[in-house]
Amino acid sequence: QDAVLLVQEAKPECRGRWYLPAGRMEPGEGIVAALRREVKEESGLECEPLTLLALEERGPAWIRFAFLARATGGTLKTLEEADAESLQATWWPGDPRSLPLRSLDILPVLDLAARYRRSPAHPPTLPRELPCSPLCLRLLLPFANAAGRLWLLLATAGTPHLPVVACGTSPSELRAGLRPPLLRLLRDRLAWEPQPAALGLLGLQHRAGDSGDTDGICFNVVLSVPPESQRDEPPEPRDPALRWWPVREEGLRDRVLRRIRATVPVRS
């Protein structure tokens with residue numbers, strides 16, 4: 001009915017202001033489990049995620065997942081049920097900017113949700129429950145020339161696979177965003193100095209672990225690189241463990257090109 005679920009904050013620093021249900025994941029908790037728990041605690045409703053709308057990140061130390069979800073049960077929290085999680089919840093049918101908001105950073109998320117409901121920009125994307133030790137990125141890097149030929153970068157150690165790069169753990173790297181490890185791969189292992197454009201998310205994998213050492217996330221990402229009009233073929237990798245694989249089958253080429261244009265946005 002074109003209404004959005006909002007909760008009224010109970011935290012002293014933003015008490016009485018309104019926001020989307022949100023919160024931190026607990027150690028050893030899955031992403032979707034955290035989503036359901038936070039919505040239930042703050043609004044009283046049970047929910048089911050439909051798709052990831054956006055990945056917001058400021059490096060490995062700060063990552064936020066924005067989901068589109070639907071209510072499946074429960075009852076809205078009232079002021080009589082106020083607790084430390086929230087004061088109350090409501091379905092708000094109007095412009096959220098007419099309310100005192102905790103932060104305006106929810107407005108782009110609401111816009112993404114409205115546009116996705118009208119015309120989905122990417123397939124439904126939810127976390128896959130697969131283990132991953134570090135925080136890392138699996139890279140789908142396409143290269144297309146002016147003639148329409150397409151190559152994908154592969155790592156050749158063992159069975160050929162998409163390259164994986166680990167995010168750093170030093171204080172500077174933790175605040176540097178997810179792009180630097182990909183840029184280092186381009187520069188150091190490909191000897192390539194392009195100016196990459198958007199970073200898009202194809203999907204992610206995560207399985208909650210019993211300790212921080214095993215509770216990692218792997219992001220499957222596309223790094224968009226503007227075409228080089230003077231280059232007919234991709235640059236020869238400096239690292240012998242990498243090679244470019246030509247996608248010769250036309251149907252597969254078309255599917256790859258369609259899929260890499262339909263990604264979850266990454267906001268850095």
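## A tour of the predicted model

Start with the record. UniProt lists residues 1-114 as "domain: Nudix hydrolase", in an unreviewed entry. Keep in mind that what you have open is a predicted model. Select residues 1-114.

Now colour by domain. The chain is divided into domain 1, residues 4-118, and domain 2, residues 127-265. Their C-alpha centres lie 31 Å apart. Next, pick out the contact between them. Domain 1 gives 19 residues to the contact, and domain 2 gives 20 residues.

Seven strands form it, in the order 4-3-13-10-11-6-9. The sheet is open, and its pairing is mixed. Go to the edges: strand 4 (63-74) and strand 9 (164-166) each pair on one side only. From one strand to the next, the twist averages 40 degrees.

Select helix 2, residues 106-118. Helix 2 packs on the sheet and touches strand 3 (45-57), strand 4 and strand 13 (264-267). Look at the directions of helix 2 and strand 3: the angle between them is about 110 degrees.

Select strand 10, residues 199-206. Is strand 10 mostly covered or mostly open? Mostly covered: eight of its eight residues are buried.

Strand 10 and strand 11 pair in the antiparallel sense, over seven bridges. For one of the bridge pairs, show His206 and Ile217, its partner in strand 11.

Move along to strand 6, residues 136-140. Strand 6 pairs with strand 9 in the antiparallel sense, over three bridges. Show Cys136, which stands opposite Ala166 in strand 9.

Cys167 is in no disulfide; its nearest cysteine sulfur belongs to Cys136, 7.3 Å away. The cut-off for a disulfide is 2.5 Å between the sulfur atoms. Cys167 counts as buried because its relative accessibility is 10%, and the limit for buried is under 20%.

Now jump to Cys14. Is Cys14 buried or exposed? Buried, because its relative accessibility is 7%.

**Last stop: Arg231**

Select Arg231. Where does Arg231 sit? In the loop between strand 11 and strand 12 (242-246). Arg231 has a relative accessible area of 29%, so it is partly exposed; that class lies between the 20% limit for buried and the 50% limit for exposed.

Show what Arg231 touches. Setting aside neighbours within four places in sequence, Arg231 is in contact with Phe143 and Asn145. Finally, draw a distance line from Arg231 to Arg97. The two residues are 134 residues apart along the chain, and their C-alpha atoms are separated by 49 Å.

Technical notes
Residues numbered from 1 in each chain as written. Predicted model: local features only at pLDDT ≥ 70, side-chain atom pairs only at ≥ 80, totals over all residues. Heavy atoms only, no water. Buried < 20%, exposed > 50% of the residue type's maximum accessible area, 1.4 Å probe, protein only. Pairing = 2+ DSSP bridges. Helix = DSSP H or I, 4+ residues; strand = E, 2+ residues; numbered from the N terminus. Axes fitted to C-alpha atoms, helices over the stretch in contact; angles between N-to-C directions. Contact = heavy atoms within 4.5 Å. UniProt positions renumbered as here; feature names shortened; annotations may be inferred. Domains from an automatic or database assignment.
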